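Hello,

Here is the structure I promised to pass on. Please have it open while you read the notes below it.

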Amino acid sequence: MKKRHAAALGIAGALLLFCIVDVVRSKANGILDGISFSGAYADRNGKLLRVYLTPDERFRIYKPVTEFPKEFLEALLLREDRRFYVHHGINPASLIRAGWETYVKRSRVIGASTITMQTAKLKYRLYTRSIPGKLAQIFLALRLEVLYSKQDILDAYVNLAPCGKNIEGFEAASYYFFGKSIEKTDLPQRLMLCVLPQNPAKRCPSAFHVPDELIDARLSLFDEWIKERPAASGERSFVASHPQLVCAFPDEAPHYTRMLELQRPHLAHPQKIIKTTIDSNLQELVESRIRFFINRKRHLGIANAAVLLADSETMEVLAAVGSARFYDDAIQGQVDGNIAKRSPGSALKPFIYALALDQGIIHYDTMLKDTPSSFSEYTPDNYGNTFKGPIKAWQALTESRNIPAITLARKLKNPDLYDFLADAGISALKAKDSYGLSIVLGSADVTPFELTTLYASFVNGGTERPLKTVMSESRAAIGDALTINNFKEHRLFSPEAAFIVCKMLEQNPPPVEARPAEAKAVPVAYKTGTSVGFRDSWTAGFFGKYVMCVWIGNFDGVGNNAFLGRSAAAPLFFAIADSMIASGRVGASPKFPPEGVTKIRVCSVSGAVPTDDCPNTEEAWFIPGVSPIAKCRIHRKITIDTRSGYRTDETGKPYCKEVVREFWPSDLQALFAEAGLPRLSPPDYPPEQSKSGLYKSGYPPEIRSPLKHTEYVFRSSDPARSTIVLSASADADTKELFWFSGASFICKSAPGEKYEWRPSPGIYELTVADGKGRSDSCTVKIRSAD
């Protein structure tokens, strides 16, 4: 007997423990635990953009019952469950009457489900047309009443009620049928929603047909409604009229919303509509400009484009178009170009110049060389294989000259361009050695999201800030799970460098002449890029507070000679920018230089600090204490013997005259001559006068080959390639160069002349000297592949 009592107590205790655990767990998770809700996305002003199916292929948009219109809830309870707030889950009288008519008399099927019973049926997916199913529904309804409040139960019902097709919940139904949230509906629309769950299969309307049963049910509900509320005259005819139906969810910003949907976390609690940062007006503007541009350029084979537009102040994405036509399989339209890795071409060059400014290599007007150059086995050129010779830093950037950019990139230290991109958070970078110097021309792939973030750092004083995709209220609801890159807020380069690069990019002339007059008042700073093989055309830049990235190309990687940054992507960039400026969205806000930037006078020709010999000067942006302060070496005052034409040091004599001559390095002299613009070579001293070692002013020789800090690999099986070319440029007053390996003489050559040197494996200290005692050196390491 005692054992029986103990067993009974044990069972009772286990049941009690189970009930307690069940109550605690259920209270913590809520009725909607385990129910998936659609990812629903709206623009920044609450306009719905897109709704996605749940894993069980339903459309459900969560909306707390506290946000439903009071009028709607009253009509719903009037039709579904008048005694909802009185009963404890079931209505015994209604159950008895329904059981008698349905199962005993079998005269007709009568429903007696309360809202709590319907919630239990929807929550647990019960089949209630059988007696066991109905009993389970009653038991679970009583359980819900014990565990949850009336508001919790009503909250679950309004979000799970079947409304026809695969639409569940009244908020989803309101958007589907009327194209708006339920709080913006009128009385006829709300009454229509209230009567749908009673027979959703027969009552569900379409855009072309409203079932009579739906009209009758809605009028019947209205008649019940006016018994308790006096109706205004004519209101019944208003209710009898057909509401204007949409019968579709919106389909806007499909790439952007799908990107967010794929990252949306599966949280324990249902999610409301996610408010994105998208501005629907700007989204529509960008899409229309893309359509117009594609139609005009289709004859060139341009069929696709992607555009990303953001606010640099808030870092919110305002418009995002991933392809020209989302549903066009011919262009693989469902690929999202804004998150696709592509080669940016020259679009990364502004960051080389920003780093060079910070490392004291250049200032705004520094003269750079755009001459034919070889870097080991890498021999880059410019588009069209043209070279400018001496070129100012800002001009080299805006004209996208390759040789100056590569030369600057080789001089960058801690960080170089690769380190910069890695620190900035560019994803999926390969090992540094796999890029080499080709990284300057875009061999490191980026996405438009990444490039837009990088360009925004120029407007934000060199500080990188991650882009935001959803508004703050939605971020609070879903946490930080919606991320599009690895960026974090930190400084990439100085405010001074950021400002000067902005000023450089503002000098880039527009690709089109026909622009609105008001658009010309707002500076537009931009840089283009074209990938190798003409596979990608880019333009990225900023105007006012907006930063934008445009990509044109084919997702299958097929190249097209029309895919040039300046002639393909840039016109679309300006079409969007000018439209925004003309609409008044962009103001001409001047950029004031930071305290660390000033203007100085520089030589108009060399860009260096002028001497008394420089005939003309101009202003250039300068970072005191950082920018280079070397004096001009192009203009030099010399004395000429007017009788012989030779240079002399005998000043003050009647036959001597002081003149200013330009002393250009030999590689630039050769380029001038090739262009048909030869420069006057300054005279040298008479042959009988030896000035070696006495006149060291001017340019020292510059070793062009071999490369400094480079390891060369020889193969004994290929002796023809086991040579190193020796070549150097020199000052205009130099005719001969002398090459040495340590103390051993190698050869004599003219400036620019190439000499093939055949050394054995080892480490060599190479020196080249001119006749004036000026020299340049480098260390070369040669290794045998054997």
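First, the ground rules. This is a predicted model, in which local features need pLDDT of at least 70 and side-chain atom pairs count only at pLDDT 80 or more, while totals for chains, interfaces and linings use all residues. Residues are numbered from 1 along each chain as its sequence is written, and side-chain values use heavy atoms, with hydrogens and water left out.

Helices (H or I, at least four residues) and strands (E, at least two) are DSSP runs, numbered from the N terminus.

Let me start with a helix pair. Helix H4 (residues 115–124) packs against helix H6 (residues 150–160) at an angle of about 55°, and their axes are 9 Å apart. Axes here are lines fitted to C-alpha atoms, for helices over the stretch in contact, and angles run from 0 to 180 degrees between N-to-C directions. That angle makes H4 oblique to H6; under 35 degrees counts as roughly parallel, over 145 as roughly antiparallel, 65 to 115 as roughly perpendicular and the rest as oblique. On the H4 side, the residues in contact (heavy atoms within 4.5 Å) are Ile115, Thr116, Gln118, Thr119, Leu122 and Lys123. They meet Lys150, Ile153, Leu154, Ala156, Tyr157 and Leu160 in H6. By class, this contact has 7 nonpolar, 3 polar and 2 charged residues. Ala, Val, Leu, Ile, Met, Phe, Trp, Tyr, Cys and Pro count as nonpolar, Asp, Glu, Lys and Arg as charged, and the others, Gly among them, as polar.

Strand E6 (residues 305–311) pairs with E7 in the antiparallel sense over 5 bridges; two strands pair if DSSP finds at least two bridges between them. Ala310 has Val317 in E7 as its bridge partner. The hairpin has 4 residues between the strands, and Met315 takes a positive phi near 60° there. In strand E7 (residues 316–321), 6 of the 6 residues are buried, so E7 is largely enclosed by the rest of the structure. Buried means under 20% relative accessible area, exposed over 50%, and partly exposed in between (1.4 Å probe, protein chains only).

Helix H16 (residues 402–411) is also mostly covered, with 7 of its 10 residues buried. Among them are Ile403, Ile406 and Leu408. The cover over the buried residues includes helix H14 (349–358), strand E8 (367–370), strand E9 (389–392) and helix H15 (393–398).

Strand E17 (residues 635–641) is joined to E19 by 7 bridges, and His635 has Glu662 as its bridge partner. The other sheet has 3 strands in the order E20-E22-E25, again antiparallel.

Finally, have a look at Tyr699, in the loop between helix H22 (666–674) and strand E20 (702–705). Tyr699 is buried, with a relative accessible area of 14%. Leaving out residues up to four places away in sequence, Tyr699 touches several residues, including Met367, Arg633, Phe663 and Asp770. Tyr699 and Ala730 are 31 residues apart in sequence but 6.8 Å apart in space, C-alpha to C-alpha.
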